[in-house]
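Subject: Structure for your files

Dear colleague,

Here is the structure I promised to pass on. My notes follow below it.

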Amino acid sequence: MADKKLKVTLIKSTIGAVPKNKKTIEALGLTKLNKTVELPDNAATAGALRKVAPYVKVEEA
């Protein structure tokens, strides 16, 4: 069975963002603007992405 993946790209700078959101973005593996990472499509990832939605673009991989 193939695991579903999400491609997550940081599209907005975290300068001036709430510190909790900065930590969440860093925990997702996003360190620089326009960096893309592949993450598993599960409940934990979905919750984190919901919190930082204004800063990221999410696509199916």
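A residue is called buried here if its relative accessible area is under 20%, exposed if over 50%, and partly exposed in between (1.4 Å probe, protein chains only). Please note that this is a predicted model: local features need pLDDT of at least 70, side-chain atom pairs count only at pLDDT 80 or more, and totals for chains, interfaces and linings use all residues. Residues are numbered from 1 along each chain as its sequence is written, and side-chain values use heavy atoms, with hydrogens and water left out.

Overall picture

The protein chain has two helices and three strands; helices (H or I, at least four residues) and strands (E, at least two) are DSSP runs, numbered from the N terminus. In sequence order the pattern is β-α-β-α-β. The radius of gyration, taken over C-alpha atoms, is 11 Å. Along the principal axes, the C-alpha atoms fill a box of roughly 40 × 20 × 15 Å. Buried residues make up 30% of the 61 in the protein chain. Taking contacts (heavy atoms within 4.5 Å) between residues at least 6 apart in sequence, 73% join residues at least 24 apart.

The sheet

The three strands form an open sheet in the order E2-E1-E3, with antiparallel pairing; two strands pair if DSSP finds at least two bridges between them. Strand E2 (36-40) and strand E3 (56-60) are the edge strands, each pairing on one side only. On average, neighbouring strands of this sheet are turned by 30° against each other, direction ignored; the axes behind this angle are lines fitted to C-alpha atoms, for helices over the stretch in contact, and angles run from 0 to 180 degrees between N-to-C directions.

Five bridges join E1 and E2 in the antiparallel sense, and Val8 stands opposite Val37 in E2. The side chains of E2 alternate along the strand.

Helix H1

Helix H1 spans residues 19-27, and its buried residues are Asn21, Thr24 and Ile25. Seen down the axis of H1, these buried residues fall within an arc of 100°, so they line one face of the helix; the arc is that of the directions from the helix axis to the C-beta atoms. The face turned away from the buried side carries Pro19, Lys20, Lys23, Glu26 and Ala27, which are exposed. The cover over the buried residues of H1 includes strand E1 (5-10) and helix H2 (43-51). Just after H1, Gly29 takes a positive phi of about 95°.

Helix H2

What is buried in H2? The residues are Thr45, Ala48 and Leu49. Seen down the axis of H2, they also fall within an arc of 100°, so they line one face of the helix. Ala43, Arg50 and Lys51 are exposed on the other side of H2. The buried residues of H2 pack against E1, H1, E2 and E3.

Two of these buried residues can be followed individually. Thr45 counts as buried because its relative accessibility is 8%. Leaving out residues up to four places away in sequence, Thr45 touches Leu39 and Pro40. Ala48 has a relative accessibility of 18%, so this residue also counts as buried. With the sequence neighbours up to four places away again not counted, Ala48 touches Thr24 and Leu28. Ala48 and Ile25 are 23 residues apart in sequence, and their C-alpha atoms are 8.2 Å apart in space.

Salt bridge

How many salt bridges does a search of the whole structure find? The search finds one, a salt bridge being a side-chain nitrogen of Lys or Arg within 4 Å of a carboxyl oxygen of Asp or Glu. The side chains of Lys57 and Glu59 meet in it, at 3.7 Å from N to O. Lys57 counts as partly exposed because its relative accessibility is 40%. Glu59, at 34%, counts as partly exposed as well.

Regards

How values were computed
The radius of gyration is taken over C-alpha atoms; the globule rule is 2.2 Å times the number of residues to the power 0.38.
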